[in-house]
Amino acid sequence: MTMKFSRNQERRASGARPGSRGKTLWRRLRTRWNSRRIQNKSPLEISKTIHFSRRIPAEFSGFRIAQVSDLHNNLFGDANESLLTELKNTRPDCIVLTGDLVDSRNPNMAVSLDFAGKAAAIAPVYYVPGNHEARMKKTYPELVNGLKARGVQVLHNRKTEISRGKAGIFLIGLADPGFRAGIHVHTVKQMLSKLTSPKDPYEILLVHRPELFQTYAKFPIDLVFSGHAHGGQIRIPGIGGVYVPSQGFFPQYDAGQFSKNNTTMFISRGLGNMSLIPRIHNPPEILVVELRHK
Ligand SMILES: [Fe+2]
């Protein structure tokens, strides 16, 4: 006698749960989507600024800092050669990578490591992690080791000095507060009181998030390089960025230059995309700041 089974009965007999086929297909599609190479065809914009301060040592007049933020393992040309050529053309004295070098939802680490290694052949590279790296708790050590092996200085809650003649400036790297539970201003304050000193010469903070600027400005920090905001993703001419996840609609800190007390902050609009929302009136940006003693 032949018995007929329904589809669900067959599935139960094989140990598969109802709906598991759909889930497997979804998982496969998601893995495929996440492992795709993200070719970014948007033209790059190079934003150049000269920053004057009496506190900049005379030896550092003309020192050029190029900022690459929020790459989210995007590719500008095969192997990022367009990005690297533009970066080289800015003739930087150092390159700062201010977080989200890797996208946590599409962690193509090889793309980011390859870029960072080639950037280190142009000028010394300094890196601070962003909120996406903070989400990659298991693979973050692999990224850090890969960066170090390629000659990149990883400033995860630490500082370093750059010397020219007898003068020096400090680069301070503050890791994204997402590495600890929650985004606590208290954590940031604790860390900055350890890392900064009023006795130090010119101090530059490299940090991913711009929205804590009021906190940064309470410390003896001269200059801040930040990113994270992607310029608000969609920009309305004359108004600015539309939305930043950690600030909401029409955010205060979306892009450009801000000053408070003795601190100036630059926010790069960054390079990559992390969501399906396109950039509108908001080309990917390499920010270049030239220091001048006045
Ligand atoms: Fe970010």
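Two strands are said to pair if DSSP finds at least two bridges between them. In this predicted model, strand β2 is joined to strand β18 (residues 285-293) by 9 bridges, and the two strands run parallel.

**Overall picture**

The chain contains 8 helices and 18 strands, and 38% of its 294 residues are buried. Among the contacts with a separation of 6 or more, 73% are between residues 24 or more positions apart. The average pLDDT of the chain is 90, with 89% of the residues scoring at least 70. Over residues 11-16, however, pLDDT stays under 50, and for this stretch the model has 2 contacts beyond four places in sequence.

**The six-stranded sheet**

The pair of β2 and β18 belongs to an open sheet of 6 strands with mixed pairing, arranged in the order β2-β18-β3-β5-β6-β7. Its edges are formed by β2 (45-53) and β7 (153-154), each of which pairs on one side only.

Within this sheet, strand β5 (residues 94-98) has 4 of its 5 residues buried, so the rest of the structure largely encloses it. On one hand, β5 is joined in parallel to strand β3 (residues 64-68) by 4 bridges, with Val-68 having Leu-97 in β5 as its bridge partner. On the other hand, 4 bridges connect β5 to strand β6 (residues 125-128), again in the parallel sense, and here Thr-98 stands opposite Val-128 in β6. Together with helix α4 (residues 109-120), β5 and β6 make a right-handed β-α-β unit.

**Pairing around β17**

Strand β17 (residues 263-267) is also mostly covered, with 4 of its 5 residues buried. The table sets out two of its pairings.

| Strand paired with β17 | Direction | Bridges | Example of bridge partners |
|---|---|---|---|
| β11 (residues 223-226) | parallel | 4 bridges | Ser-226 and Ile-267 |

The strands β16 and β17 form a hairpin with 2 residues between them, in which Asn-261 takes a positive phi near 50°.

**The nonpolar core**

In soluble globular proteins, nonpolar side chains tend to be buried together. The largest nonpolar core of this model has 62 residues, and those touching the most other members are Ala-116, Tyr-127, Ile-204, Leu-205, Leu-206 and Val-224. Leaving aside residues up to four places away in sequence, Tyr-127 touches Leu-97, Leu-101, Leu-147, Val-152, Gln-153, Val-154 and Leu-155.

**Loop residues with positive phi**

Most residues other than glycine have a negative phi. Asn-157, found in the loop between β7 and β8 (158-164), has instead a positive phi near 55°. Which loop holds His-281? His-281 is found in the loop between β17 and β18, and its phi is positive as well, at about 50°, although His-281 is not a glycine.

The surroundings of these residues can be described by counts of C-beta atoms. Asn-157 has 15 other C-beta atoms within 10 Å and is therefore partly exposed, whereas His-281 counts as exposed because it has 12 C-beta neighbours inside 10 Å, the cut-off for an exposed residue being 12 or fewer.

Terms used. Residues numbered from 1 in each chain as written. Predicted model: local features only at pLDDT ≥ 70, side-chain atom pairs only at ≥ 80, totals over all residues. pLDDT = per-residue confidence, 0-100. Contact = placed C-beta atoms within 7 Å. Core = buried A, V, L, I, M, F, W, Y, C linked by C-beta atoms within 7 Å. Buried ≥ 20, exposed ≤ 12 C-beta atoms within 10 Å, placed from the backbone. Right-handed = clockwise from strand over helix to strand, strands pointing away.
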